[in-house]
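Good morning, colleagues. Please keep the structure in view as I speak.

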Amino acid sequence: MESALAECDATGPVRERAQKSVTPFEKVLASSPFLCGQNPGFVDYIMYARYAMMRAACPTECKAVWLREDVTPNLAKWIERIETKYEAGLGEALKRLPPM
């Protein structure tokens, strides 16, 4: 397991590219609670799945890309809204994810 996590240690251009990839979503979430407007939609589910996969595979890198309070405060709030809204259905899956 350690070797797999070591491979997650992305720095430099890889991390920068990943961070830039979430910037457009941060901008949308500055004016809307969900990516699809007032309620979550298909894009929200796809983006949350992307976040959850990264969180499960590489929690440290996930935090460095998705949860940078100085750069992506709206993404963190969005993740919380999604998880709160679907806590009943996601409950067991959320318990299996590494803590953030």
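**Helix packing in a predicted model**

Is T72 buried or exposed? Its relative accessibility is 1%, and T72 therefore counts as buried. Setting aside neighbours within four places in sequence, T72 is in contact with V22, E26, V65, W66 and L67. I shall return to several of these names.

Now to the model as a whole. This is a predicted model, and the average pLDDT of the protein is 83, with 85% of the residues scoring at least 70. Residues 1-6 have a pLDDT below 50, and in the model this stretch has two contacts beyond near neighbours in sequence. The protein contains six helices and zero strands, and the pattern along the sequence reads α-α-α-α-α-α. Of the 100 residues in the protein, 35% are buried. If we take contacts between residues at least 6 apart in sequence, 69% of them join residues at least 24 apart.

I turn next to helix packing. Two packed helices are described by the angle between their axes and the distance between the axes. Helix 2, residues 13-29, packs with helix 4, residues 59-66, at an angle of about 50°, and their axes are 8 Å apart. Helix 2 is therefore oblique to helix 4. The crossing of helix 2 past helix 4 is right-handed. Which residues make the contact? From helix 2 they are R15, A18, Q19 and V22, and from helix 4 they are E61, A64, V65 and W66. Sorted by class, this contact of helix 2 with helix 4 comprises five nonpolar, one polar and two charged residues.

Q19 lies in helix 2. Because its relative accessible area is 17%, against a cut-off of under 20%, Q19 is buried. Not counting residues up to four places away in sequence, Q19 touches A64, V65 and R68. Q19 and C62 are 43 residues apart in sequence, and the C-alpha to C-alpha distance between them is 9.6 Å.

On the helix 4 side, the buried residues are E61, C62, A64, V65 and W66. The buried residues of helix 4 pack against helix 2, against helix 3 (42-57) and against helix 5 (73-85).

Helix 2 also packs with helix 5, at an angle of about 75° and with the axes 8 Å apart. Helix 2 is therefore roughly perpendicular to helix 5. Here V22, F25, E26 and L29 of helix 2 meet P73, N74, L75, W78 and R81 of helix 5. By class, the contact of helix 2 with helix 5 divides into six nonpolar, one polar and two charged residues.

Where is P99 found? P99 is in the segment after helix 6 (87-96). With a relative accessible area of 74%, P99 is exposed. P99 and P59 are 40 residues apart along the chain, and their C-alpha atoms are separated by 8.0 Å.

That concludes my remarks. Thank you for your attention.

Terms used:
Residues numbered from 1 in each chain as written. Predicted model: local features only at pLDDT ≥ 70, side-chain atom pairs only at ≥ 80, totals over all residues. Heavy atoms only, no water. Axes fitted to C-alpha atoms, helices over the stretch in contact; angles between N-to-C directions. Helix = DSSP H or I, 4+ residues; strand = E, 2+ residues; numbered from the N terminus. Parallel < 35°, antiparallel > 145°, perpendicular 65-115°, else oblique. Left-handed = near helix turned anticlockwise from the far one by under 90°. Contact = heavy atoms within 4.5 Å. Nonpolar A, V, L, I, M, F, W, Y, C, P; charged D, E, K, R; others polar. Buried < 20%, exposed > 50% of the residue type's maximum accessible area, 1.4 Å probe, protein only. pLDDT = per-residue confidence, 0-100.
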